[in-house]
Amino acid sequence: MKVLSSMILAASINAIGIGSASAAVVFSDDFESYSAAIPSASSFGGWNVTGGTVDIIGDTPYDFFPSNGKYIDLDGSNSSPGLLSTNAIFAAGTYVIKFDLAGSQRGDSNTVTVNFGGQSWQYTLASTAVFQQFSQTVSFLSPTNTALSFQNGGGDNIGALLDNVLVTSVPEPSTYGMIFGGLIMVAGMVARKSRNA
Ligand SMILES: [Ca+2]
Ligand SMILES: [Ca+2]
Ligand SMILES: [Ca+2]
């Protein structure tokens, strides 16, 4: 009967999707759906650009990483690096944010500030740094909603490069607790039934 209990547990876990499949992608962009634009429009796809500009590049003459297709030069074209923010507003909760950053490939080092859920992180990229994935797991109750944003420092029109932005929501621990509590009750009922049989 132990085996049956385990089987029921496994089946229940599959049914409610615990595991890697339970994390839901709530935002993603590899910038492939846009045409190169120097600078970009102040609003494109799922993004807004305020306080300056960013460039959509990846074609000649700025084809530094052909396998990445299109990507963003975070210091645009008017000597004021724009704040690149998602249109999407994320509710309080737990998320994993992932993004690829590379150096400018044009001779200068750049620092990028990433903001999400009331927290911020800074990344300094040497000019020759190739695309590398960065990841942060963020839990926040306040602010109750937030965009994800990226901003280069400086203003020399040569910025770090951004690609493959991904935001995944993660179920809260309390949700896991309720789910596992329910499963333990089911297992207990199975065990009692087997004793009574
Ligand atoms: Ca891309
Ligand atoms: Ca630029
Ligand atoms: Ca720069």
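In sequence, the donor residues of the calcium ion (ligand 1) follow the spacing D-x1-E-x35-N-x1-K-x92-D. Donors here are N, O and S atoms within 2.8 Å of the metal (3.2 Å for Na, K and Ca); water is not among the atoms, so sites may look incomplete. This is a predicted model, where local features need pLDDT of at least 70, side-chain atom pairs count only at pLDDT 80 or more, and totals for chains, interfaces and linings use all residues. Residues are numbered from 1 along each chain as its sequence is written, chains are lettered from A and ligands numbered from 1 in the order in which they are written, and side-chain values use heavy atoms, with hydrogens and water left out.

**Calcium site**

- The calcium ion (ligand 1) is coordinated by D30 (O), E32 (OE), N68 (O), K70 (O), D163 (OD) and D163 (OD), at 2.3 to 2.6 Å.
- The six donor atoms subtend angles of 50 to 161°, which makes the arrangement irregular.
- Six donors count as octahedral if opposite donors are over 155 degrees apart and all others between 65 and 115; four count as tetrahedral if all angles lie between 85 and 135 degrees, or as square planar under the rule for six; anything else is irregular.
- N68 sits in the loop between β4 (55–57) and β5 (71–73), while D163 is in strand β12 (residues 161–170), 95 residues away.
- N68 is buried, with a relative accessible area of 14%.
- D163 is buried too, at 1% relative accessibility.
- Buried means under 20% relative accessible area, exposed over 50%, and partly exposed in between (1.4 Å probe, protein chains only).

**Overall build**

- The chain has two helices and twelve strands.
- Helices (H or I, at least four residues) and strands (E, at least two) are DSSP runs, numbered from the N terminus.
- The order from the N terminus is α-β-β-β-β-β-β-β-β-β-β-β-β-α.
- Of the 197 residues, 36% count as buried.
- Among contacts (heavy atoms within 4.5 Å) with a separation of 6 or more, 72% join residues 24 or more positions apart.

**Aromatic pairs**

- The structure holds 19 aromatic pairs.
- Rings of Phe, Tyr and Trp (its six-membered ring) pair if their centres lie within 6.5 Å; planes under 30 degrees apart count as stacked, over 60 as edge-to-face and the rest as tilted.
- Y95 and F116 are edge-to-face, because their ring centres are 5.5 Å apart and their planes stand at 90°.
- Y95 belongs to strand β7 (residues 90–102) and F116 to strand β8 (residues 110–116), 21 residues apart.
- Both Y95 and F116 are buried.
- F99 and F134 are stacked, because their planes meet at 25° with ring centres 6.2 Å apart.
- F99 is in strand β7 and F134 in strand β10 (residues 132–146), so this pair ties together parts 35 residues apart in sequence.
- F99 and F134 are buried.

**Nonpolar cores**

- A nonpolar core is a set of buried Ala, Val, Leu, Ile, Met, Phe, Trp, Tyr and Cys residues joined through side-chain atoms within 4.5 Å.
- The largest core has 31 residues, of which F44, F99, F116 and L162 touch the most other members.
- Strand β7 gives this core its largest share, five residues.
- Leaving out residues up to four places away in sequence, F44 touches F31, Y34, V49, V54, I56, I72 and L84.
- Another core lies apart, with six residues that include I57, F65, F131 and L161.
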